[in-house]
Amino acid sequence: MRDKPQVPDVPQDQPVDPRIRNIVALVPIVIPLYAAALYGLKYLGGLDRSMRWLLGIFWGTQMVAALFTPVAWLSVLLAAVRTLWITALFVSGYTLKGSRYLKPLLFGEVITLVIAFITTLIRHPTDFLHARLEHPVYYSVSLGIVAMLGILIVLSMKKMLYARLGLLLFLGTALLATGSRGAIVATLAGMLVMGLRNLKGRALKWTEVGGILVGLLVFVLPLTRYSSIFQRVDFANGREDIWRDAWATFLAHFAGGVGPYQLGPYIQKSLLEHWTSTCTLFPPVEPFGPCPTWMEPLWSAGFIAHNLVLHALGETGFIGTIGILMLTAYTAYASWKSKDSLLAGLCAAYLTLSLVDLPTGVPGPHFGEVYYFAMGIAVSKMQQRFQNDRHRQNDRHSQNDRRNQNDQNNPPKKLREEKKHNST
């Protein structure tokens with residue numbers, strides 16, 4: 001019988017593999033580099049049994065949901081590709097274990113924002129200070145996520161104080177220049193959770209309970225009549241119409257939705273009313289060229305419902321959404337229990353932004369990839385911490401048992417004297 005491949009045990013003080021560090025650092029600039037995560041599939045057998053079960057349920061719900069879609073064969077194929085991609089990213093993070101593997105990402109994020117500032121200056125030389133940040137590949141909102149990731153990574157670092165302050169000033173300026181309210185709120189949520197993660201004792205327990213209640217309340221808001229609260233604070237910015245279309249699509253295809261990457265035509269009308277109506281090769285900066293003719297039918301594949309739950313319901317229906325929410329909830333729990341402030345902050349920021357966008361969508365400009373990679377790290381760290389706690393508890397019990405055994409075999413001198421006196 002063949003032995004299962006074991007996940008290599010990477011000590012916390014071991015330096016980051018230079019090859020992995022370089023790939024992670026360059027991913028924001030050379031986006032296809034994240035295909036290296038497919039190599040992580042070789043360690044799939046090294047996952048914890050509970051994690052294999054969870055991923056199995058996730059796979060099962062996506063495949064079953066695809067069978068209920070209007071074009072079942074296409075949905076099954078696309079669901080398999082997307083689920084395999086998510087699994088590869090997750091297993092890669094689970095294998096590498098340490099959140100230190102996320103920190104080289106800062107290099108690529110900073111370079112991306114430098115390119116954005118240069119692009120904006122070239123395109124708006126006379127109105128540079130009033131124009132939203134632009135980039136040949138990334139939208140302004142996407143650049144907000146880039147700045148968000150950079151800020152949270154810098155806050156998790158402990159050395160080079162002046163360099164960190166300079167980076168925070170640059171990244172904060174870039175975040176404001178993007179004009180992305182969602183990214184700004186998500187960054188603040190991530191920073192808040194990073195601070196709360198360092199609490200201890202009763203304050204930590206109340207924080208956990210309060211966080212669960214607030215999270216559940218906020219995530220169900222778009223599904224209720226109170227969703228207009230986003231409109232009142234100008235947070236939705238026209239997204240309510242898109243949410244309504246996604247919800248109507250779900251009701252019409254309750255069991256399995258319409259299939260992965262096939263929601264676009266159902267929400268296209270509302271999207272085009274609020275955003276662009278022409279297909280361009282590089283949408284963020286139109287002068288880079290129009291869409292080729294063969295790409296036009298595929299254009300709507302990237303349309304999103306701008307809400308994690310509603311997008312999942314529209315694409316995968318009730319069945320698929322159950323699997324997606326199970327994986328999301330478990331990884332959120334793991335990010336907190338890992339006791340790693342960076343992982344907890346990243347998860348909080350992503351989930352906050354998921355209220356008005358889809359930063360966890362894959363494939364994309366590396367955002368969803370970073371999320372699943374980081375959550376794989378979080379689950380690995382949580383399980384390792386729980387295992388260490390059990391070992392320490394067992395050691396204490398063993399020590400107590402040995403101490404009790406020694407006390408029985410060698411009673412104290414006073415007790416021996418009492419026994420001798422009683423026998424006399």
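How much of residues 136–155 is helix, and how far apart are the end C-alpha atoms? The points below begin with this span.

1. Annotated spans. In this predicted model, residues 136–155 are 80% helix and 0% strand, with the end C-alpha atoms 28 Å apart. Helices (H or I, at least four residues) and strands (E, at least two) are DSSP runs, numbered from the N terminus. Residues 20–41, by contrast, are 32% helix and 0% strand, and their end C-alpha atoms lie 15 Å apart. Both spans carry the UniProt annotation "transmembrane region" from an unreviewed entry, which also covers 53–73, 105–124, 167–194 and 206–224. UniProt positions follow the numbering used here, feature names are shortened, and annotations may be inferred rather than shown by experiment.

2. Basis and confidence. Residues are numbered from 1 along each chain as its sequence is written, and side-chain values use heavy atoms, with hydrogens and water left out. As the model is predicted, local features need pLDDT of at least 70 and side-chain atom pairs count only at pLDDT 80 or more, while totals for chains, interfaces and linings use all residues. The mean pLDDT (the predictor's confidence in each residue, from 0 to 100) is 81, and 73% of residues reach 70 or more. Confidence is highest in helix 12, at a mean of 94, and lowest in helix 9 (residues 228–232), at 50. Residues 1–13 have pLDDT below 50, yet this stretch has 23 contacts in the model beyond near neighbours in sequence; contact means heavy atoms within 4.5 Å. Where pLDDT is low, the predicted coordinates should not be read in detail.

3. Overall fold. The protein has 15 helices and zero strands. Of its 424 residues, 47% count as buried (under 20% relative accessible area; exposed is over 50%, partly exposed in between; 1.4 Å probe, protein chains only). Among contacts between residues at least 6 apart in sequence, 76% join residues at least 24 apart.

4. Beyond its neighbours within four places in sequence, Leu149 is in contact with residues including Leu105, Leu346, His366 and Phe367.

5. The loop between helix 13 and helix 14 holds His366, whose phi is positive, near 80 degrees. His366 is buried, at 0% relative accessibility. Pro363 is in the loop between these helices too, and the peptide bond to Pro363 from Val362 is cis, with omega near -10 degrees. Most residues other than glycine have a negative phi, and most peptide bonds are trans.

6. Salt bridges. The whole structure has four salt bridges (a side-chain nitrogen of Lys or Arg within 4 Å of a carboxyl oxygen of Asp or Glu). One of them joins Lys381 and Asp340 at 2.9 Å, N to O. Lys381 lies in helix 14 and Asp340 in the loop between helix 12 and helix 13, so the pair ties together parts that are 41 residues apart in sequence. Both residues, Lys381 and Asp340, are buried. Arg123 pairs with Glu134, the closest N and O atoms being 2.4 Å apart; Arg123 is partly exposed at 34% relative accessibility, whereas Glu134 is buried at 16%.
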